[in-house]
Amino acid sequence: MIAEGRGLGRAKTILLGEHAVVHGGPALAAALDLGVRARAVAAPEPRLRVPAWDVEAAPGGGGDLARVFAVLLDAARPEARRVEVAIEPEVPSRAGLGSSAALAVAVIRALAELSGEPLSEDEIEARAGRAEAIFHGKASGIDAAVACRGGLLRFVRGEPPVRVEGCPPLPAVVAQVEPRAPTSEMVARVARVYEAEPRRVGAIFAEIAALVEAAEGRVADGDLAELGRLMDRNHRLLSELDLSTPALERACRAARAVGAAGAKLTGAGGGGCMIALCPGYDEAVAAALAPLSLWVRRVGLGRG
Ligand code: PMV
């Protein structure tokens, strides 16, 4: 055992394809140059602390974080199970930026480094996926894939993610405009609408899939203006599923008005975060979004 193990999990945004990806469609997701960091040291009793979110957990305690911590400790080597893990998030939680998957990946890596356990990316992703099932219910696995692998990924549920090469990092601004319901609730809500209106929702999902295919080509050839238009269209389709809110609409309009190539909600919706693709305009877009947001950052999409 070394004295301290460290790990990083990357936060993500979904460029196109959220929700449809839960039902088998493709999605494009990009790692942010921000994430969640974990530091693990030996301790008499296992404990996980996230001072920035004012939470603590111990295995056997109540709540999702305690259950996730227990699952991650069980998967680790025995010598990495009596630990205190301190978490430093660089992104807000419950906002659509994949903070829970990033936390899981960070803890898995910190525990593995502490005990000298060699872990493949596939194994890290699989363990993080089990954690995500606790946090999110029927999660597609997209957050765990990006948190672990970084880069810009084409993701289809149940298939290995494919790295999209091309022009990343893409210049963008991410803004959290308001709090929102947990991902599991939003996913369940869309599933209910799909069940009630299979034709209408099926057609929306089919169009989203076509947008994702087109977007992949635009990333590859660096046509960010067209990529932005595809993101705008994806946003309108998500609005038709009642996933947008007045605050998200205001922020997307404000970003487009000062030069963003495209703007959309990202993640589960119903509040949370929006993303604006803004080559050459990221300073102006960040300034326009600041008064409308709880948290805003200029980011490079698809790093790592
Ligand atoms: O947890 P979020 O807000 O990053 O949303 C994840 C994306 C969804 O498609 C809504 C759910 C999923 O598991 O793919």
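This is a predicted model: local features need pLDDT of at least 70, side-chain atom pairs count only at pLDDT 80 or more; totals for chains, interfaces and linings use all residues.
View 1. Local features need pLDDT of at least 70, side-chain atom pairs count only at pLDDT 80 or more, and totals for chains, interfaces and linings use all residues. Residues are numbered from 1 along each chain as its sequence is written, and side-chain values use heavy atoms, with hydrogens and water left out.

**View 2. K12 and G96 at the ligand.** A side-chain N or O atom of K12 comes 2.5 Å from a ligand oxygen. G96 brings a polar backbone atom, 3.3 Å from an oxygen atom of the ligand.

**View 3. The shell around the ligand.** There are 17 residues around the ligand, and K12, S140, R180, T183 and A268 are the closest (near means a heavy atom within 4 Å). Sorted by class, that shell holds seven nonpolar, six polar and four charged residues; Ala, Val, Leu, Ile, Met, Phe, Trp, Tyr, Cys and Pro count as nonpolar, Asp, Glu, Lys and Arg as charged, and the others, Gly among them, as polar.

**View 4. The lining of the largest pocket.** R94, S100, F135, H136 and T183 are the closest to the centre of the largest pocket, out of 39 residues that line it (lining residues have an atom within 4 Å of a point on a 1 Å grid over the protein atoms alone; a pocket is an open set of points where a 1.4 Å probe fits, with protein on both sides within 12 Å along at least five of seven lines). The lining splits into 17 nonpolar, 14 polar and eight charged residues.

How values were computed. A polar contact is a pair of N or O atoms within 3.5 Å; within protein, one must be able to donate a hydrogen and the other to accept it, and residues adjacent in sequence count only if both atoms are side-chain atoms.
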